Amino acid sequence: MDRLLTPPALQSPLIVRNYCMLQLLYSTGLRVTELVTLPVTACNLTSCFVRVLGKGEKERLIPFGIPAKESIENYLQSARPLILKGRRSDALFVSNRAKAMTRLRFWQIINDAAAAAGISDKLSPHTLRHSFATHLLTHGADLRSVQLMLGHSDITTTQIYTHIDRDRLKSIHKKFHPRG
C-alpha cells in the first residue's frame, strides 16, 4: 500500500487528483461507486469525516486520516480548479470534462498507479477496500466498527476480512493462554 500511495515526483493536476482518490479510498474503505459519486460537500476537513450515501441509500460517516486530509486539501486548492478550468461541478473528483469520474476510469487509474509503483499485480478498487478492512482488523479494530465503516448490513459479510494468518494466531495463543 505504501508504494501504491506514494505519488511520483512530477505531479500534474490529474496525478494529484488520482493519488487523492487512492488515499481517500484506502483511508475509508469506500466502494468505488461511493468514491466517484462523492459531492464536494461530503468531506468535512475539520473533523476528518466523509459522509457517504451507500447501498440502499443508507448514509454513513467514515473517518479518514491526516494523509487523506492533506491530500484532499492539496487537490481542492491546487489541482481541482485547474482541471475544471472555470467550469462548475458538484462532484468532488472531476474529469477533464468537468463531470464526475467514472468507475471504469478509476479502475484504469489504479492500474496506472500500480504500474508506476512497480506493482505487477492487477489491482481493483476492491483491493484497496479489502486492504482497508484487513489492516484495521489485524491492528485490533473490532468487527462491528469495521462493519459500520464498510456499510455492511450483515456482519457475516464483514467476517470475510477476518482471515488471520498462522503467526498471528500463534502470537495470540502465546499471549493469552496460560500455557501458551
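Colleague: Which residues have the most contacts inside the largest nonpolar core?

Modeller: The largest nonpolar core of this predicted model has 47 residues. Those with the most contacts inside it are Leu24, Leu35, Leu38, Tyr75, Phe93 and Phe106.

Colleague: Which elements give two or more residues to this core?

Modeller: They are the helices α1 (2-5), α2 (13-28), α3 (32-36), α4 (66-84), α5 (103-116), α6 (125-138) and α7 (143-150), together with the strand β2 (49-53). The element that gives the most is α2, with 7 residues.

Colleague: What does Leu38 touch, not counting residues up to four places away in sequence?

Modeller: Leu38 touches Leu24 and Leu30, then Val50, Arg51 and Val52, and also Asp90, Ala91, Leu92 and Phe93. Two of these partners, Leu24 and Phe93, are listed with Leu38 among the residues with the most contacts inside the core.

Colleague: How are two packed helices described?

Modeller: One gives the angle between their axes and the distance between the axes. In this model, α6 and α7 pack at about 160°, and their axes are 10 Å apart. An angle over 145 degrees counts as roughly antiparallel, and α6 and α7 are therefore roughly antiparallel to each other. The crossing in which α6 passes α7 is right-handed.

Colleague: Which residues of α6 and α7 meet?

Modeller: From α6 come Arg129, Phe132, Ala133, Leu136 and Leu137, and they meet Leu143, Val146, Met149 and Leu150 of α7. By class, this contact has 8 nonpolar residues, 1 charged residue and no polar ones.

Colleague: At what angle do the axes of α2 and α6 cross?

Modeller: They cross at roughly 40°, and the axes come within 7 Å. The helices α2 and α6 are therefore oblique to each other. Their crossing is right-handed. On the α2 side the contact holds Leu22, Leu25, Tyr26, Ser27 and Thr28, which meet Pro125, Leu128, Ser131, Phe132 and His135 in α6. These residues divide into 6 nonpolar and 4 polar, with no charged residue.

Colleague: Where is Ala117 found?

Modeller: Ala117 lies in the loop between α5 and α6. A residue may also be read through its partners elsewhere in the chain. The C-alpha atoms of Ala117 and Leu5 are separated by 8.6 Å, with the two residues 112 residues apart along the chain. Leaving aside neighbours within four places in sequence, Ala117 is in contact with Arg3 and Leu4.

Conventions. Residues are numbered from 1 along each chain as its sequence is written. This is a predicted model: local features need pLDDT of at least 70, side-chain atom pairs count only at pLDDT 80 or more; totals for chains, interfaces and linings use all residues. Side-chain values use heavy atoms; hydrogens and water are left out. A nonpolar core is a set of buried Ala, Val, Leu, Ile, Met, Phe, Trp, Tyr and Cys residues joined through side-chain atoms within 4.5 Å. Buried means under 20% relative accessible area, exposed over 50%, partly exposed in between (1.4 Å probe, protein chains only). Helices (H or I, at least four residues) and strands (E, at least two) are DSSP runs, numbered from the N terminus. Contact means heavy atoms within 4.5 Å. Axes are lines fitted to C-alpha atoms, for helices over the stretch in contact, and angles run from 0 to 180 degrees between N-to-C directions. Angles under 35 degrees count as roughly parallel, over 145 as roughly antiparallel, 65 to 115 as roughly perpendicular and the rest as oblique. A crossing is left-handed if the near helix is turned anticlockwise from the far one by less than a right angle, and right-handed if clockwise. Ala, Val, Leu, Ile, Met, Phe, Trp, Tyr, Cys and Pro count as nonpolar, Asp, Glu, Lys and Arg as charged, and the others, Gly among them, as polar.
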